[in-house]
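Please look over the chain shown below together with the report that accompanies it.

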Amino acid sequence: MVKKLHRPLVEAVLTNLIQIFNENRKADQVIIRTLKSNPKWGSRDRNFIAENTYDIIRWWRLLKYCLVINERKFSEEARFWEMVGGWLCIQGYDLPAWPEFKNLDPVKILALYESENKTRKVRESVPDWLDELGEAEVPNWDDEIHALNQDSKVYIRVNTLKSNKAEVISALEKEEIEIEEVPDVENALRLKKRRKLDHLKSYRKGHFEIQDAGSQQIAEYLDVKPDSFVIDACAGAGGKSLYLAALMNNSGKIVSMDVEGRKLKELKSRASRNGVEIITTDLIRESTLDKYQGKADYLLLDVPCSGTGVLRRNPDAKWKLKPSFIDQVRQIQASILDDYTAMLKPGGTLVYATCSVLRSENEDQVKNFLSQHVEFELLDEKRVSPAETGFDGFYMAKLKRVK
Ligand SMILES: C[S@@+](CC[C@H](N)C(=O)[O-])C[C@H]1O[C@@H](n2cnc3c(N)ncnc32)[C@H](O)[C@@H]1O
């Protein structure tokens, strides 16, 4: 069946792309704003806009190849129209006789799309430098980049402080949301199809959080015990802190720190929705680290990183990331490891984690740290592979402070 196109929806995709590429705005935020601006759009329209915007960004380089476009940046709207038209043609839409599509040749576009002699960087639509870095630093880069180009799945974490799996499954099924179990991740469930969740009563009551299963594994990996003292030193808006509190059964103490106050503010409001009572927040200043010297039983360093493990959620990062930014985060990671680990007690456990797939942010950082800190030893390290699990990509290392 020939699929028909509605101009206002195509225009919404086009406007999104211009804002994301030319105004350097974040894809997820642009899409949310566009969808909010027209409440009359039904769920099919909303999906059309969101999915096509994400897919065109994800396949940007491949699309340019199919359209034989060599420019690096587009200043003209006409070029964006062609990219949108080219993508829709690949998706099986019958291109209408709109003037913006007059230069497109669907037969040629499809022939290039289907041709088998494309290099990986074109086939998987990645910039040259990132493909080279991936090849050098990521085990099984072929499969990982392929997996990182899939549409992201929605995972939730059941909040055991307020509910349980059976109750959450039943609440979601009442809303006709289909879910499935996730092997090996105790409190995770996966949605079979993407659905909006944050308006649901069970979400508002804190019965579950939206959190990738790989991210849940990081909190589990710290293996915290109730009644202990935990520091989550790069806590952000608290995804892992909240799960740690549930794993401790709301007993003990967690200090959640970050350099950005607005994230800690959001963490506090999520904690209250989650029924978490053991978290205090501390905005990092010069004196903060001294205050906690040698105090923590457990320390989580979920450090800032390149985000190469979460490209499925943020496909625009493929085009916005720069090698110089990755150099900068590597330095921050090394100095966080150097400076923050003094907050751990002798005998305490440290987890260093990233959402990067690059060895230089992961195994190499830990190796380098261990070579300079004889008071630590490596207990275990683990990669969460998007290709093997379907989760986002993560790395985690567990270390013990021996003296
Ligand atoms: C990967 S994110 C953390 C995500 C968070 N743990 C979660 O589960 O939602 C890294 C965090 O490190 C913070 N950060 C950046 N530089 C930092 C520093 N020097 N010390 C502590 N946190 C820092 C960032 O603001 C960001 O929130």
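## Basis and overall fold

This is a predicted model, in which local features need pLDDT of at least 70 and side-chain atom pairs count only at pLDDT 80 or more, whereas totals for chains, interfaces and linings use all residues. Residues are numbered from 1 along each chain as its sequence is written.

The protein has 19 helices and eleven strands, where helices (H or I, at least four residues) and strands (E, at least two) are DSSP runs numbered from the N terminus. Its C-alpha atoms fill a box of roughly 70 × 50 × 35 Å along the principal axes.

Among contacts with a separation of 6 or more, 70% join residues 24 or more positions apart, two residues being in contact if their C-beta atoms, placed from the backbone, lie within 7 Å.

## The shell around the ligand

Around the ligand there are 17 residues, of which Cys234, Gly236, Gly239, Lys240 and Asp302 come nearest; a residue is near a molecule if its C-beta atom, placed from the backbone, lies within 6 Å of it. Helices α13 (239-247) and α17 (323-340) each supply at least two residues of this shell. By class, the shell divides into nine nonpolar, three polar and five charged residues, with Ala, Val, Leu, Ile, Met, Phe, Trp, Tyr, Cys and Pro counted as nonpolar, Asp, Glu, Lys and Arg as charged, and the others, Gly among them, as polar.

Helix α3 (residues 43-58) has 16 residues and should span 22 Å at 1.5 Å a residue, which agrees with the 22 Å between its end C-alpha atoms; the expected span is 1.5 Å times one less than the number of residues. Its buried residues are Ile49, Ala50, Asn52, Thr53, Tyr54, Ile56, Ile57 and Arg58, and what covers them includes α1 (7-22), α2 (27-37), α4 (60-67) and α5 (77-90).

Pro315 is in the loop between β8 (296-302) and α16 (317-320), and counts as buried because it has 24 C-beta neighbours inside 10 Å. Leaving aside neighbours within four places in sequence, Pro315 is in contact with Ala27, Tyr54, Ile57 and Arg58.

## The annotated Cys355

An unreviewed UniProt entry places the feature "active site" at Cys355; UniProt positions are given in the numbering used here, feature names are shortened, and annotations may be inferred rather than shown by experiment. Cys355 lies in the loop between β9 (344-354) and α18 (363-372), and is buried, with 25 other C-beta atoms within 10 Å. Apart from neighbours within four places in sequence, its contacts are Cys305, Gly307, Gly309, Val310, Asp392, Gly393 and Phe394.

## Two positive phi values

Most residues other than glycine have a negative phi. Asn140, however, has a phi near 65°; it is in the loop between α8 and α9 (141-148). Asp223 has a phi near 55°, and is in the loop between α12 (213-221) and β5 (228-232).

Note on methods:
A residue is buried if 20 or more other C-beta atoms lie within 10 Å of its own, exposed if 12 or fewer, and partly exposed in between; C-beta atoms are placed from the backbone.
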